[in-house]
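Please work through the exercises below with the sequence and the model open beside you, and try each task before reading its solution.

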Amino acid sequence: MTADVWLPIPPDEIEGLPEGPAYRFWNGEEEYPADPADCTFYVVPYMKPSPLCVRPMPAMSQVQVVQTLSAGIDHVEPGIRHLPAGVRLCNARGVHEASTAELTLTLILSSLRGVPDFVRAQDRGEWLAGFRPALADKNVLIVGYGSIGAAIEDRLVPFEVARVARVARSERTTARGPVHPLTQLPALLPEADVVILSTPLSETTRGLAGADFLARMKDGALLVNVARGPVVDTKALLAELESGRITAALDVTDPEPLPREHPLWRAPGVLVSPHVGGPTSAFLPRAERLLVDQLNRYVNREPLRNVILTTGASTD
């Protein structure tokens, strides 16, 4: 059977796609480009709502690969149970590290140096001078030390931070130093001036930054969330922000998009960006390189990259 590949990027705009498959362009439109039952390789539309992304999955009875163009896979998880056994789910490791790390540093520096206040003062024609915190000499804690967390640390180094502590699901050692397990978070949080969340959303991390987590942060610390909105308990965060004890910079929120009247918009000490960590000019060339590499591997029956899980496989 000819491989039927669904792409959210027009195939004639991607150089290097292997010959053989029938390429179908679908980026979430109401009408499908072909019968989903014939799809063998599904590339999920990028930055589309979860219900749209999973809509064709129950009918994809022949699919062998589901490839996201995001680092996280939580938006396709509701469709996984509909897939046949043996389907490989792959994420976009290598696509978003640079852009997300750039935004993380932008949020940190903007928050510490008071850039939002300067912009508002500029609108008023006011010269708002004064001392502001620097990133230099700060202790930074990265919660979620995968490829994005490592890319963030790469960009922190030139800013002369005092220390970077790393936390991931399991303990390990890297060239830059130890990665602590989640169980050590309570001891690490009080030491951090900046806490960066870059962890995937899972049952373990949902609500991770709750009331106890936030209470352990030191007075005046900055919380930066470039992970997923539900990693933070919004109600608990609002309480801390309204007390003025900590500040926050959020690229993701819960709920998302943030409704116009939500109190998080007006909470003191918070900077909100509208989930723009990934969608930059760096996205498309990296996404296309990933797809070309994966599809050449698929056609040549070589091991795929970034396989997160295989449906029907034992998790023991």
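Two strands count as paired if DSSP finds at least two bridges between them, and helices (H or I, at least four residues) and strands (E, at least two) are DSSP runs numbered from the N terminus. The model is predicted, so local features need pLDDT of at least 70 and side-chain atom pairs count only at pLDDT 80 or more, while totals for chains, interfaces and linings use all residues. Residues are numbered from 1 along each chain as its sequence is written, and side-chain values use heavy atoms, with hydrogens and water left out.

**Exercise 1.** Decide whether D4 is buried or exposed.

*Solution.* Locate D4 in strand β1. Its relative accessibility is 5%, so D4 counts as buried (buried means under 20% relative accessible area, exposed over 50%, partly exposed in between, with a 1.4 Å probe and protein chains only). Not counting residues up to four places away in sequence, D4 touches A22, R24, A34, D38, C39, T40 and F41, where contact means heavy atoms within 4.5 Å.

**Exercise 2.** Identify the buried residues of helix α8 (residues 234–243) and what they pack against.

*Solution.* The buried residues are T234, A236, L237, L238, E240 and L241, and they pack against α7 (211–216), β11 (222–225), β12 (247–250) and β13 (270–272). After α8 comes G244, whose phi is positive, near 80°.
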